[in-house]
Amino acid sequence: MSNLFAEQLQALRTRSLYRQLREIGTAQGANIDLVGKHLINFSSNDYLGLANDPRLREAAIATIQEFGVGAGASRLVSGTQSPHLRLEEALAKWKGTGAALCFSSGYAAAVGTLPALVTSKDVILLDKLCHASLIDGAKLSGATLRVFPHNHLGKLESQLDWARRERSQSRLLIVTESVFSMDGDRAPLRDLVELKQRFGAWLFVDEAHAIGVLGPNGRGLAAAEGVDGDIDVQMGTLSKALGVSGGYICGSRSLIDWLINRARSFIFSTAQPPVLAGAALAAVNLINSPEGEERRQLLGRKIEMLRHQLPPASGSAGPPSSSSAIFPWIVGDEQAALDLSRALINEGFLVPAIRYPTVAKGSARLRITVTASHEEAQIETLCKTLRRLTASK
């Protein structure tokens, strides 16, 4: 067995697809230490800089003192403690839905919820650039899976038309992200709502990279577009702008009750540690406050600064454009992306190289994420360094 894995790992190295863990010796933030080397961190999804916020730390400590560390068992057995319920009540109120349910991770939320919504008799229509967790959840459901080209409304419409004609008794479920994790662009949610209403489909939207960043009180892109009431299933994460860990589903009371009874990743997992629920509740309250709005505005200014100063990638017509805090700097070749990422580490910046299978072959990139915690001088220096490192290429 070990020889087999050794050969396969070597094959990954040959194709520049081998991955290794990196040890970070400090708290998450705009400045970190990578095995003793100080780096400016442009790799994190901690968009509002809450991962090391003292108020979240204080809430975590207070929760540990009252509830301990572990939850004991799954929530249906012995794990539903007060912090879980308080967090879910706050999430539902914040998102304007009937109820909410938390999972141990965003991945667990996806792979538990999608198979609970549809069966082999039904049809899922999935955006091609959806996150791996959504793809895996769709496959686990056993439903007929149709993948439409990224944000291609015409193709989606034709697939819906086919499904309604050929599978008239089936449930139809459209699945998309609101802000896509590797390209940073947005889904056309208003158009998707129109299509789902016209064809009698359901709409599932993953707001992982929009929550806390976009919309009134940071409620996400659906709220920003005024269509949150028309989305059947709203998924999100506690691990990005909220700075903690975990995933959630928001929707009607009957939807959440159904998931409690049918979402296997919820039923058969030990509950999220209460300390995480306590910290996440503090994050929701902060994001939903005037200070949360100030942080969103600060992040917006940093996004604009990076957008205007980031140089174009080799072969690109212009600098990367983004409607979010995620900037894909396309390199193309996997090894070239790795080399550039390593060169940036030598210059004092952590910017990850994203390669297949996370993105399509030949579209390897640097994934640059900016946060409210970054200083303007750090953004300016990153852009100047990228321009210098790639000037001769």
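Helices (H or I, at least four residues) and strands (E, at least two) are DSSP runs, numbered from the N terminus. You're looking at a predicted model, where local features need pLDDT of at least 70, side-chain atom pairs count only at pLDDT 80 or more, and totals for chains, interfaces and linings use all residues. Residues are numbered from 1 along each chain as its sequence is written, and side-chain values use heavy atoms, leaving out hydrogens and water.

Select β3 (99-103) and α11 (264-267): each gives at least two residues to the lining of the largest cavity. A cavity is a set of points on a 1 Å grid over the protein atoms alone where a 1.4 Å probe fits but cannot get out, and lining residues have an atom within 4 Å of a point. This one has a volume of about 100 Å³, and its lining includes Arg75, His84, Phe103 and Phe266.

Next, pick Gln28, Asn41, Asp46 and His374, which are among the residues lining the second largest cavity. About 60 Å³ of space is in there.

Now for the sheet. Show β10, β13 and β12, in that order: they form an open, antiparallel sheet, with β10 (326-332) and β12 (353-354) as the edge strands. Strands pair if DSSP finds at least two bridges between them; β12 and β13 (residues 364-369) have two. Zoom in on Ile354 and you'll find its bridge partner, Arg365, in β13.

Last stop: helix α14 (residues 334-346) packs on this sheet and touches β10, β12 and β13, contact being heavy atoms within 4.5 Å.

Definitions and conventions. Axes are lines fitted to C-alpha atoms, for helices over the stretch in contact, and angles run from 0 to 180 degrees between N-to-C directions. On a 1 Å grid over the protein atoms alone, a cavity is a set of points where a 1.4 Å probe fits but cannot get out, and a pocket is an open set with protein on both sides within 12 Å along at least five of seven lines; lining residues have an atom within 4 Å of a point. Grid points are joined across faces, edges and corners, and a volume is the space filled by probe spheres set on the points.
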